[in-house]
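The sequence and structure are shown first.

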Amino acid sequence: MSLRRPRTLLTMSPELRPRLLDAATDRRLREVALLETESVVDDFGRPDAAAALAQAEVLLTCWGAPAVDARVLAAAPRLRAVVHAAGSVKQLVTEACWDRGIVVSCAAAANSAPVAEYTVAMVLLSNKRVMQLREEYRGVRGRRHDWHLRYAHAGNYCRTVGVVGASRIGRRVIELLRPYDLELVLYDPYTSTEEAARLGVRPVGLDELCRVSDIVSLHAPELPRTRGMIDRRRLGLMRDGATLINTARGSLVDTAALTDELTSGRLHAVIDVTEPEVLPAESPLYDLPNVLLTPHVAGSLGNELHRLADSAIQEIARYAAGLPFAHPVHREDLDRTA
């Protein structure tokens, strides 16, 4: 018996579709879903979107998708599911969706893989002082130096890595770092001592984590209570030469305080997210030798987008078969997740 193919509408930034769905993933999508239109909808108010929305049973969404609010739902009487081929659904799925009983899935698990990989790479490179070595070696242009003497305190052996947040990404980072000769400490108010033991980490308070860690890596969600959690005082607790890694949200850190610490040279940082999201051109963070600043690329980039597409396609296949989502999003979890 052939698989039922639910009528599916793609909603995302139009330029994203060819990057998310290459020929192979597009073919796999069409095997499990009947596309309502070949067009990608990024504005439900467009006249051509109305007919497609009226027939859609599933929305396959990604970055740039418009919010699914009460007005949209009124125009989508057959809509039953939202499958988000990205991480957080907070800006997409409204209270009206939950009230209507729309089932929701997201690809946060798939998107966590590259973030965790990026973080682990940066932990190892930061402790090895690779960024500073590169700058200094480029400056001396091959002239002889005793690098072992100059970087006698570099290296990963017995370093302490502090993970802030036992989120999906935080847990994956812990898992990937476990084989190395590192001490892992964790701050997460929702993780019990028993669960921390199972993860192989030592639970500590946030102040202690900042004091004892050579690397502080942020993996907490953006919530009112996490905003500015790494403030001037906690940055001051970090030991001289420590590195802050932020692949979570820029709002977790006091940008002005961090800039002061980095400008002084006391701390190092790997920063993939900032507040504001794009720093002004005059920000010293672009040029400081102790800062690696990247434009929010730790998550899925390039061919890693196909992992997000595959996750979404698998979820649509499960929905079509009458199975529950493998990666559901629940209303009650949103107050403590990204």
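Are H6 and H14 roughly parallel or roughly antiparallel to each other? The model in which this is asked is a predicted one. The axes of H6 and H14 cross at roughly 160°; angles over 145 degrees count as roughly antiparallel, and the two helices are therefore roughly antiparallel to each other.

**Helices H6 and H14**
- Helix H6 spans residues 108-127, and helix H14 spans residues 305-320.
- The axes of the two helices come within 8 Å.
- The crossing in which H6 passes H14 is right-handed.
- On the H6 side, the residues that meet H14 are Ala 110, Asn 111, Ala 113 and Pro 114.
- Their counterparts in H14 are Arg 307, Leu 308 and Ser 311.
- Sorted by class, this contact has four nonpolar residues, two polar and one charged.

**Leu 124**
- Leu 124 also belongs to H6.
- Apart from neighbours within four places in sequence, Leu 124 has contacts with Asn 156 and Tyr 180.
- Asn 156 is 32 residues from Leu 124 along the chain, and their C-alpha atoms are 6.5 Å apart.

**Second largest pocket**
- The second largest pocket holds about 210 Å³ of space.
- This pocket is lined by 15 residues, and the closest to its centre are Arg 129, His 153, Ala 154, Arg 159 and Gly 241.
- The lining of the second largest pocket is made up of six charged, five polar and four nonpolar residues.

Technical notes:
Residues numbered from 1 in each chain as written. Predicted model: local features only at pLDDT ≥ 70, side-chain atom pairs only at ≥ 80, totals over all residues. Heavy atoms only, no water. Helix = DSSP H or I, 4+ residues; strand = E, 2+ residues; numbered from the N terminus. Contact = heavy atoms within 4.5 Å. 1 Å grid on protein atoms, 1.4 Å probe; cavity = no way out; pocket = protein on both sides within 12 Å on 5 of 7 lines; lining within 4 Å. Points joined across faces, edges and corners; volume = space filled by probe spheres on them. Nonpolar A, V, L, I, M, F, W, Y, C, P; charged D, E, K, R; others polar. Axes fitted to C-alpha atoms, helices over the stretch in contact; angles between N-to-C directions. Parallel < 35°, antiparallel > 145°, perpendicular 65-115°, else oblique. Left-handed = near helix turned anticlockwise from the far one by under 90°.
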